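The sequence and structure are shown first.

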Amino acid sequence: MLLARQHLWPASFHSARTYATALRPTHAIYVSTSTDPYFNLSLEDWLFRHAPHRAPLLLLYRDRPCVVFGRNQNPWKEVNLRAAREAGVPFIRRRSGGGTVYHDLGNTNFSIHLPRTSFDRHATAQVVLRAVCALGIDASVNDRNDICVGTYKMSARGRHVSGSAYKIVNNRAYHHGTMLLSTRLDLLGDLLRANKTTRQDTIHTKGVESVRSPVRNLQQFNPSIVHDEFVSAVVNAFREEYGVDEPICTVEEDEGTTGIEYIRTGMAELPSWDWAFGQTPEFTHTLQRTFQWGELTAEIHSKHGIILACALTTSGNVDPALKAQLEGLAGQLKEQKYAFVDEAALPSAVREQGPLRDMWQWLKDEMQS
Amino acid sequence: MFSALRQVSRPATYAVRAARRPTPSVGVFRTAPFVRTLRFTEDHEAVVFDDSTMTGTVYITNYAQSSLGDVVFVELPAEGNKVTKGDQIGAVESVKAASDIYAPVSGTVTEVNAGLADQPGLLNKSPEDQGWLCKIKVENPAEIEALLTEEAYKAHCEH
């Protein structure tokens with residue numbers, strides 16, 4: 001039958017059919033089969049801005065490995081960018097607030113959208129809590145509306161299995177969060193600067209800093225919990241809470257969805273410099289290093305990803321002529337992109353052996369890590 | 001819902017307090033020959049427009065701040081920026097909740113409230129006064145008139 005159709009109808013018909021099945025924002029429950037974080041985050045934003053604002057909506061998705069940081073965070077402070085690049089893991093600024101999280105296929109994301117008037121962070125956390133409890137796990141919600149399991153002697157609080165963040169615009173709001181089922185917690189720790197590495201003291205941001213929490217996977221408490229099971233549990237809890245009796249709308253990343261201009265634009269915007277780095281709140285990065293020829297302290301002041309100034313202090317024994325050259329180089333960083341400095345615009349001495357190259361390599365390495 | 005009711009119960013206060021700020025004396029305000037207009041957007045910004053200076057002072061509404069919770073970060077546009085109605089000109093974050101600030105009208109940003117960088121909590125404590133966001137020199141005053149009246153805004157919040 002299908003073969004016969006393909007023979008009978010011209011190719012243009014098939015593309016027309018694709019558009020006819022284009023996704024609509026009017027369902028109540030969506031489960032994405034895509035694992036592309038750029039697609040899923042853009043789908044989420046499209047649903048947020050286009051669904052009827054009175055109707056409760058649920059979206060569930062998983063992403064392949066990536067680091068996702070909050071709307072008003074500093075990627076250089078929160079993410080171990082060098083480790084992320086080496087592991088081939090992208091880092092993405094999302095549109096909601098809050099701190100930095102790690103996603104991989106062992107982590108399932110939920111997103112509950114509601115009218116702003118009835119939005120209550122505690123109530124939505126309870127829906128997810130009921131789903132976790134239905135899987136036979138004794139969980140609780142902490143004061144930041146994160147889901148925790150168990151209590152440990154070393155910690156007054158339980159271990160996080162989930163983190164949450166919110167977006168509120170016009171008459172709509174969402175609560176989304178991660179649920180750790182079987183995530184690579186070792187990679188999570190490597191990529192998130194979880195161990196209070198030096199950046200906590202050296203980068204001072206006016207933006208939002210992550211609250212570090214010890215984490216556990218749900219599978220540690222019940223080894224049989226997998227993605228599909230968690231998805232069903234959340235769907236059931238959502239249906240019960242909001243009296244929804246609709247089937248799941250399965251979303252695929254295909255022409256019908258990436259053909260939606262809003263989604264396509266969102267997918268292009270997320271990895272752009274303007275969004276990922278250009279939206280970084282004002283910060284100061286203070287660096288110190290001793291070279292054979294003297295000691296330097298650099299204070300790089302940046303806003304929206306642009307270097308506003310690089311103030312250099314040298315120790316007393318640096319030759320005055322050299323000091324002037326070093327300060328000249330620091331001055332030339334002004335108005336360049338932080339960590340994306342155009343090296344061709346710097347004096348040629350940064351490419352020849354000597355103190356200027358030492359200083360430039362040091363600043364470049366520090367900014368890029 | 002609770003916050004919507006609060007907004008409804010104090011409309012007059014908003015208008016007077018928001019409008020009073022640029023002039024120290026209420027007496028001067030009453031006898032002044034120019035007009036101040038209070039308008040709202042669907043994105044929960046309020047604008048007090050002063051037709052003597054053609055400048056609109058932008059706030060987030062009391063309803064917006066109460067549903068956001070404790071504001072920990074405010075990002076404002078740069079002074080001198082030209083903005084078009086509907087552009088995203090800033091961001092607000094409360095505990096883990098991000099919200100966007102949109103330009104209610106087109107024009108040039110003449111002043112921003114620099115105090116918010118160190119005291120973002122002013123948006124909660126004094127959304128209608130000390131928590132003002134920025135001033136925009138308005139290109140086309142008809143854009144102000146086209147925004148929501150207080151009554152229409154109240155209806156929008158309850159919608």
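## Interface between chains A and B

A:R49 and B:D100 form a salt bridge, with 3.1 Å between the closest N and O atoms; the term denotes a side-chain nitrogen of Lys or Arg within 4 Å of a carboxyl oxygen of Asp or Glu. The rule finds three salt bridges across the interface of chain A and chain B. Between chain A and chain B there are also 22 residue pairs in polar contact, both residues being at pLDDT 80 or more. A polar contact is a pair of N or O atoms within 3.5 Å; within protein, one must be able to donate a hydrogen and the other to accept it, and residues adjacent in sequence count only if both atoms are side-chain atoms. Strand β10 (residues 162–169) of chain A supplies six residues, the largest share of the side of chain A that touches chain B; strands (E, at least two residues) and helices (H or I, at least four) are DSSP runs, numbered from the N terminus. By class, that side of chain A comprises six nonpolar, eleven polar and eleven charged residues. Here Ala, Val, Leu, Ile, Met, Phe, Trp, Tyr, Cys and Pro count as nonpolar, Asp, Glu, Lys and Arg as charged, and the others, Gly among them, as polar.

In contact terms (heavy atoms within 4.5 Å), 28 residues of chain A meet 29 residues of chain B. About 2,300 Å² is buried between chain A and chain B, and carbon and sulfur atoms give 41% of this area. A:R116, A:T117 and A:N170 are the residues of chain A that lose the most area to chain B, together 25% of what that side buries. Buried area is the accessible area (1.4 Å probe) that two parts lose on being put together, summed over both.

## Basis of the model

The model is predicted: local features need pLDDT of at least 70, side-chain atom pairs count only at pLDDT 80 or more, and totals for chains, interfaces and linings use all residues. Residues are numbered from 1 along each chain as its sequence is written, chains are lettered from A and ligands numbered from 1 in the order in which they are written, and side-chain values use heavy atoms, with hydrogens and water left out.

## Domains of chain A

Chain A is assigned domain 1 (5–275) and domain 2 (283–368), with bounds from an automatic or database domain assignment. Taken over C-alpha atoms, the centres of domain 1 and domain 2 of chain A are 39 Å apart. Eleven residues of domain 1 of chain A contact 15 residues of domain 2 of chain A.

The two domains of chain A bury about 1,100 Å² between them, 54% of it from carbon and sulfur atoms. On the side of domain 1 of chain A that touches domain 2, α5 (81–87), α8 (199–202) and β12 (203–205) each supply at least two residues. That side of domain 1 divides into four nonpolar, four polar and three charged residues.

## Side-chain pairs

Over all chains, the structure holds twelve aromatic pairs. The ring centres of A:F48 and A:Y174 are 4.8 Å apart and the planes lie at 80°, so this pair is edge-to-face. Rings of Phe, Tyr and Trp (its six-membered ring) pair if their centres lie within 6.5 Å; planes under 30 degrees apart count as stacked, over 60 as edge-to-face and the rest as tilted. Because A:F48 lies in helix α3 (residues 37–50) and A:Y174 in strand β11 (residues 172–180) of chain A, the pair ties together parts that are 126 residues apart in sequence.

The whole structure contains 15 salt bridges over all chains. One joins the side chains of A:D45 and A:R95 (3.5 Å, N to O). This pair links distant parts of the chain, with A:D45 in helix α3 of chain A and A:R95 in the loop between β4 (91–93) and β5 (101–103) of chain A, 50 residues apart.
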